[in-house]
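Q: I have a protein model open and would like to learn how to read it. Could we go through a few features together?
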Amino acid sequence: MPFTTVLGGNRAAADVQESFRAVDVVLTTRRHGSLLALAAGKPVIAIDQIAGGAKLLPVLARTGWRHALPVDAADEERTTAILRGFLEAWPAEEIVAAQNRACALSRAAVDASVALVTDGS
């Protein structure tokens, strides 16, 4: 079921969240789609559409999520193998670990931002 994470018009944040709840697995080329899938507790196969993996791969690597591919390695065989792996052993612990890392990174970024603002005054 294709859906978008773009907000506006008649599409609110709750609609996007509901879209993620309605699926079992997410296949995306978008960074926000990847992170929103993990936030929703869904395994994601993420394909970095920038040659060399310049946009999506570095972000997911920081969370520890290992099911991300550069576009030149994202063939049918490899993506199917990842999907089969999800079906054979649902990656609940991996998802929770990625969620926890993303939250810790977000907290650290907020703390660093606050420190920059308050130390600069």
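A: Happy to! Keep in mind that this is a predicted model. Let's begin with Thr63, which counts as buried at 3% relative accessibility.

Q: Where is Thr63 found, and which residues is Thr63 in contact with, leaving aside its neighbours within four places in sequence?

A: Thr63 belongs to helix α3. Setting aside neighbours within four places in sequence, Thr63 has contacts with Leu35, Ala97, Ala98, Arg101 and Ala102.

Q: How do I read a sheet, and what is the strand order here?

A: Here is the general idea: strands of a sheet pair through backbone hydrogen bonds, and the pairing is either parallel or antiparallel. In this model, 3 strands form an open sheet in the order β1-β2-β3, with parallel pairing. β1 (26-28) and β3 (68-70) each have a single partner strand and stand at the edges, so one side of each lacks a neighbour in the sheet. On average, neighbouring strands of this sheet are turned by 10° against each other, direction ignored.

Q: How many bridges link β2 and β3, and what packs on the sheet?

A: β2 (residues 44-48) pairs with β3 over 3 bridges, in the parallel sense. Within this pair, Ile47 stands opposite Leu69 in β3. Helix α3 (residues 56-63) packs on the sheet and touches β2 and β3. The direction of α3 makes about 140° with that of β2.

Q: Now the surface: which residues make the nonpolar patch?

A: Leu83, Leu87 and Trp90 make a nonpolar surface patch of about 320 Å². Trp90 sits in the loop between α4 (76-88) and α5 (92-119). Its relative accessible area is 44%, so Trp90 is partly exposed.

Terms used: Residues are numbered from 1 along each chain as its sequence is written. This is a predicted model: local features need pLDDT of at least 70, side-chain atom pairs count only at pLDDT 80 or more; totals for chains, interfaces and linings use all residues. Side-chain values use heavy atoms; hydrogens and water are left out. Patches are made of residues with over 30% relative accessible area and no salt bridge: like charges are joined within 9 Å, nonpolar side chains (Val, Leu, Ile, Met, Phe, Trp, Tyr) within 5 Å. Accessible areas come from the Shrake-Rupley method with a 1.4 Å probe; for residues, only the protein chains shown count as cover. A salt bridge is a side-chain nitrogen of Lys or Arg within 4 Å of a carboxyl oxygen of Asp or Glu. Helices (H or I, at least four residues) and strands (E, at least two) are DSSP runs, numbered from the N terminus. Buried means under 20% relative accessible area, exposed over 50%, partly exposed in between (1.4 Å probe, protein chains only). Two strands pair if DSSP finds at least two bridges between them. Axes are lines fitted to C-alpha atoms, for helices over the stretch in contact, and angles run from 0 to 180 degrees between N-to-C directions. Contact means heavy atoms within 4.5 Å.
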